[in-house]
Structures are given as structure tokens and as C-alpha cells.
Amino acid sequence: MDNKESDSFTENPIGKKRVQLKAEDDLLDISQDPIFKAVLTQDTPASRNALRFLVSAAIGQPVTIISVSTNEPPVRGIRDRQLRYDISVKFNDGSLGDIEMTVYPDVYEHFRQEYYLARLFTTQDIKGTELGYRNLKPTWQISLLGENIHADNALVHQFRYYDKENNLPFRGLTSIIDVELPKAEQFLETPVSEMAPIERWAVFFRYSQDPTRRALINEILDQEEGIQMAAEELLLISEDENRRFQLEHELKNFLDIKCGMVDARWEGYKQAKEEDAGIIQEKDAALLEKDREIAELRAKLDRP
């Protein structure tokens with residue numbers, strides 16, 4: 001690999017560069033947190049527009065992003081990940097949003113989402129005689145999840161305050177959106193023209209590394225401008241040896257931490273005598289599966 005322009009970039013009839021992925025393209029995994037963040041927080045038109053299209057697809061309405069903030073520095077500081085979400089954005093109408101790729105959702109993920117959404121919502125300044133609660137703006141928390149946490153087939157869930165017993169919405173300003181990427185599998189046989197934008201994004205995140213799915217991904221790139229821009233940034237980062245080394249090192253550090261957390265939880269479950277043995281066995285099986293997934297990913301990163 002080197003930093004020269006890849007032949008994955010071709011010219012379309014009007015002379016604009018168009019990305020098409022080849023089976024041999026060795027892409028970094030954009031569904032991993034550091035890669036996701038690196039692709040979508042660059043100070044380039046392609047990166048910023050890709051982020052705008054992704055957020056628009058997730059919340060189901062067009063947005064214009066006027067500012068982006070991330071953990072500092074942009075693709076380091078894994079050990080500080082518990083402090084905030086990956087990417088915070090402000091829209092032109094004053095609305096706010098948090099976006100994160102969560103590869104391994106925590107067992108208390110729903111509490112975590114609610115906590116950070118509340119923190120972001122209350123950053124709005126309504127002090128002064130001219131401002132009040134009427135000036136508060138909508139706030140979104142968007143999680144792209146590497147594991148399913150909802151027991152149905154729906155790709156996207158949007159949660160707001162709601163009185164279920166009386167069928168009455170609260171009409172609040174905060175919203176949590178979950179996009180469960182494993183559920184993208186159900187769209188693999190769907191014509192790209194019939195996919196919703198967020199379904200195309202989910203397939204791209206889940207299968208962009210799979211050489212057997214490159215024809216499908218390329219068709220998505222042809223029909224989804226925002227994903228085309230994200231693929232452009234992903235290719236550039238993947239083919240830059242220095243950036244690739246930095247991001248893979250970051251990912252290995254993250255996996256080391258996750259392995260330590262898995263081991264600690266495993267020991268904790270084994271020592272929890274007050275729990276039923278069947279429950280402990282079930283939790284151990286889940287931890288074994290997660291440990292296996294982490295080991296596979298680390299082995300992939302360690303390959304020359």
C-alpha cells in the first residue's frame with residue numbers, strides 16, 4: 001500500500017471521481033469504533049457530507065450540520081471512551097445529536113444511552129430574560145450497534161417518552177435511535193432501489209469488508225451519495241500505511257481492554273453464589289461467544 005491515488009476511483013461521464021470497490025481492496029472495518037470515527041470526522045467535504053447523509057437517514061429527515069466535535073484527539077484516547085459519545089453534532093436549526101458506533105453494547109446500554117442523551121440535552125443554555133424552555137431544541141442520540149439488543153426483526157428503533165396505558169405521546173424533544181447492524185442481513189436480497197437509506201447504510205457498515213458482497217456494495221455506492229463519500233474516505237484511509245497502522249494499533253488497544261473486561265465479568269459471575277447456577281451457565285456461554293469474536297478480530301489484525 002502507498003499514498004498514491006487508488007484505481008478504485010474511476011471517472012463518471014461528468015468527470016467526477018466515483019468510487020467502486022474491487023474484490024482485492026483491503027478495507028479497514030468501518031463497523032469498528034476507531035475506523036468509523038476516523039472516516040466520518042475528517043475535515044473534508046466528503047467526510048462531513050457522509051456524516052450529514054448518515055444522520056439524515058437515521059432520523060428520517062434532512063439535516064444541515066454546522067459543527068462537529070469528537071473526543072480529543074480524534075482517533076486516540078480509547079480509555080476515555082466511557083466519558084462521552086464518539087461524535088457530537090449541531091444542526092443549523094440548533095438541534096443537537098450524538099452518534100456512536102457501539103460494537104459491543106453494554107448489558108446496561110439503554111441506561112447509558114439515556115444518560116448521555118440527558119447530558120447533551122441539558123447543555124443548551126436557556127438562561128437570561130429572553131430565553132426559556134420554549135427555546136430548547138430537539139436532541140438525538142444515535143447508536144449503530146454491532147449486536148442486537150431488541151428481540152425483533154426491526155432494523156431501527158426510535159424511542160421517545162410515551163404513556164402506553166393511555167396511548168398518549170409526551171411530545172418531548174429527546175429521542176434515542178438504535179440501528180442494529182446484524183439485522184442488515186435481511187436486506188441482502190432486496191433490490192438496492194427498494195432499500196430505505198438507513199438500510200443501505202446498515203448493509204454498507206456490515207458488509208463493506210466482505211469481498212463476496214462487493215457487487216452489492218458497489219450498487220449501493222451508485223445509488224447513495226452519502227455512502228459513496230464515506231467509501232471514498234474509507235479507501236483513502238485504508239491505503240495510507242501510516243494511518244492504517246495508527247488505527248489498527250488503536251483497535252488492538254481497544255480489544256485488549258474489552259478482553260480484560262470480559263475476563264473480569266467471567267470471574268465475577270463464577271463467584272456470584274447467590275445467583276442460580278443455570279443463569280451463571282447462560283452468562284458464561286454469552287461471555288465465551290464474545291471472547292471468541294474478539295479473538296477472531298485480533299487474529300485478523302495480527303495477520304501480515
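How many residues of strand E6 (residues 139-145) are buried?

Modeller: A word on the source: this is a predicted model, where local features need pLDDT of at least 70, side-chain atom pairs count only at pLDDT 80 or more, and totals for chains, interfaces and linings use all residues. Residues are numbered from 1 along each chain as its sequence is written, and side-chain values use heavy atoms, leaving out hydrogens and water.

Now the strand. In E6, seven of its seven residues are buried. Buried means under 20% relative accessible area, exposed means over 50%, and partly exposed lies in between (1.4 Å probe, protein chains only). Strands (E, at least two residues) and helices (H or I, at least four) are DSSP runs, numbered from the N terminus.

One side carries Thr 139, Gln 141, Ser 143 and Leu 145. The other carries Trp 140, Ile 142 and Leu 144. Both faces are covered.

E6 also has a partner. Strand E5 (residues 96-102) pairs with E6 in the parallel sense, over seven bridges. Two strands pair if DSSP finds at least two bridges between them. Within this pairing, Thr 102 stands opposite Leu 145.

How confident is the predictor? pLDDT is its confidence in each residue, from 0 to 100. The chain's mean pLDDT is 81, and 73% of its residues reach 70 or more. Over residues 72-85, however, the pLDDT is below 50. Where pLDDT is low, the predicted coordinates should not be read in detail.

How values were computed. pLDDT is the predictor's confidence in each residue, from 0 to 100. Contact means heavy atoms within 4.5 Å.
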